[in-house]
Amino acid sequence: MAAVLARHLSPTARRVCVGLSGGLDSIVLLHVLATLGPRLGLRLSALHVHHGLSPNADAWADHARAFAERLGVPCRVARVQVVGIADSGLEAAARIARYTEFEHCDADVLCLAHHRDDQAETVLFNLLRGGGLAGLAAMPQARPLGQVLLLRPLLDSPRDDLLAYARSHELAWVEDESNDDIRYDRNFLRRQVLPLLRERFPGCDAALARSAGHAAEAECLLAAQAEQDLPECLDPAGGFDLTRARGLGEARARQALRCWLDGQGIVPDQRAFDELWRQGDAAEDATPRWRWRAHELRRYRAAWYPAPETAPGPVTVLRWADGAAMPVPAWRGVLDWSPAAEGLDASLLAGGRLSLRPRQGGERLCLRVGGGSRLLKALYQEAAIPPWRREAWPLLYLDDALVAVPGIGVAAPYRMAGGWMPQWRPGG
């Protein structure tokens, strides 16, 4: 375990929190880390999530807190409300509540006590649900969770090793009575199916874990390809353009769409993803909507966009930074800059008062030298900016002159050879 921690901990990531349920696995994990902590220079803490779903929940919280205190580890008990059970089921709703709390723990690294038996169970569970490569890859040993690194240092260890450790150190743990209820699919697999498989295939847990590793490698390659493909699939408004994507072929287009969804914080199950793909075939003048839990997408022409609409930001003064991207939290987006054959001159951008402003109505822009100015409404239509996003699309001003609409064009009087072209990235 020390090797796993050393591999994933950066020199500055020393605040380590353990998700402490009070069960065998997390009790062992906290005990081992408390032993290793001084040698590795860890600042260790524990977090117990109190779901309130069992009559024994208070006793579990008391046990977790007392065990941590005996080790000299501060332990916080977080009481959560499990909501959305009707939509996603009890297990999934409890997991969402738990991981929401984990994401906001006061640590650099959150350690969870999943082991090899859990990994085998997850592979089998996802396989029976028809999961793709991501599902078969099961649980990664490390992944980002908001601003925290989620780490599973016991993932290669069989549960029998944890049990032997606990007994040799005379550790006490709690048992969740719901783990014996085979009405839950995971419990059925754990209690009924996997024991039979182990009788016939003694190495099945290790084999399933190896398969998860192979799937993870393949998924990593597909994700890398999708990241390369994604820019080709985006329109100027940041929407996922289905027409552009399908030019890559269906398989790559679907992977790119998954990559785009992930960037929006949306990870749908396979059925929901297939429904999103199917709705993409609706007539071009249709405006289908797709919902997944708290997320909603709307299609405009041939592209999907996040919904609902966002409000415009305030007048925001910017500082030119030699073409570096400019995050603008007040507008919930990023102003990107790219070199262009004709664009805004860097000396003008550095010498004037650069700002983003909301539309007031009636603004016009001349994009061609010698041409007439045009209403922004017409320019938005040509650029396929969805109607519900136009009011929240920023305008770029230099002093008090409208010099560009990011992603659409630069005013002709301000275009110079070898300049910079602004692009707007909503939600970036």
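# A walk through the predicted chain

The buried residues of helix α13 are covered by elements that include α11 (242-246), α12, β8 (289-292), β9 (295-300) and β10 (303-307). The model is a predicted one. The residues of α13 under that cover are A272, F273, L276, W277 and Q279. They span an arc of only 165° around the axis, so they sit on the same side of α13.

Helix α12 covers residues 250-263, and helix α13 covers residues 270-279. Their axes come within 12 Å and cross at roughly 115°. Angles of 65 to 115 degrees count as roughly perpendicular. That is why α12 is roughly perpendicular to α13. The crossing of α12 and α13 is right-handed. On the α12 side, the contact uses E250, A253, R254, L257, R258 and L261. On the α13 side, the partners are Q270, F273, D274, L276 and W277. The contact residues split into 6 nonpolar, 1 polar and 4 charged. F273, L276 and W277 are among the residues of α13 that meet α12, and these three are also among the buried residues of α13.

R301 is found in the loop between β9 and β10. Phi of R301 is near 55°, a positive value in a residue other than glycine. R301 is partly exposed, and its relative accessible area is 33%.

Now step back to the whole chain. The secondary structure comes to 15 helices and 21 strands. The C-alpha atoms fill a box of roughly 85 × 45 × 35 Å along the principal axes. The chain has 428 residues, and buried residues make up 45% of them. Take the contacts with a separation of 6 or more: residues 24 or more positions apart account for 65% of these.

Helix α6 runs over residues 116-128 and helix α9 over residues 185-200. They pack at an angle of about 105°, with their axes 10 Å apart. The two helices are therefore roughly perpendicular to each other. From α6, the contact takes in D117, E121, T122, L124, F125 and L128. From α9 come D185, R186, L189, R190, V193, L194, L197 and R198. The residues of this contact divide into 7 nonpolar, 1 polar and 6 charged.

A138 has a phi of about 60°, although it is not a glycine. A138 is found in the loop between α7 (133-136) and β5 (142-145). At 16% relative accessibility, A138 counts as buried.

The pair α2 and α3 packs in another orientation. Helix α2 holds residues 24-40, and helix α3 holds residues 57-70. The angle is about 15°, and the axes are 11 Å apart. Angles under 35 degrees count as roughly parallel. So α2 and α3 are roughly parallel to each other. The crossing of α2 and α3 is right-handed. I27, L30 and H31 of α2 make the contact with H63, F67 and A68 of α3. These residues divide into 4 nonpolar, 2 polar and no charged.

S21 lies in the loop between β1 (15-19) and α2. S21 is partly exposed, with a relative accessible area of 43%. Which residues does S21 touch, not counting residues up to four places away in sequence? S21 touches S26, H48, W60 and V174. The C-alpha atoms of S21 and A113 are separated by 9.4 Å, and these residues are 92 residues apart along the chain.

The last stop is G409. G409 lies in strand β19 (residues 409-410). Is G409 buried or exposed? G409 is buried, with a relative accessible area of 9%. Leaving aside its neighbours within four places in sequence, G409 is in contact with L365, L367 and A404. The C-alpha atoms of G409 and G343 are separated by 8.6 Å, with the two residues 66 residues apart along the chain.

Definitions and conventions:
Residues are numbered from 1 along each chain as its sequence is written. This is a predicted model: local features need pLDDT of at least 70, side-chain atom pairs count only at pLDDT 80 or more; totals for chains, interfaces and linings use all residues. Side-chain values use heavy atoms; hydrogens and water are left out. Axes are lines fitted to C-alpha atoms, for helices over the stretch in contact, and angles run from 0 to 180 degrees between N-to-C directions. Helices (H or I, at least four residues) and strands (E, at least two) are DSSP runs, numbered from the N terminus. Angles under 35 degrees count as roughly parallel, over 145 as roughly antiparallel, 65 to 115 as roughly perpendicular and the rest as oblique. A crossing is left-handed if the near helix is turned anticlockwise from the far one by less than a right angle, and right-handed if clockwise. Contact means heavy atoms within 4.5 Å. Ala, Val, Leu, Ile, Met, Phe, Trp, Tyr, Cys and Pro count as nonpolar, Asp, Glu, Lys and Arg as charged, and the others, Gly among them, as polar. Buried means under 20% relative accessible area, exposed over 50%, partly exposed in between (1.4 Å probe, protein chains only). The arc is that of the directions from the helix axis to the C-beta atoms.
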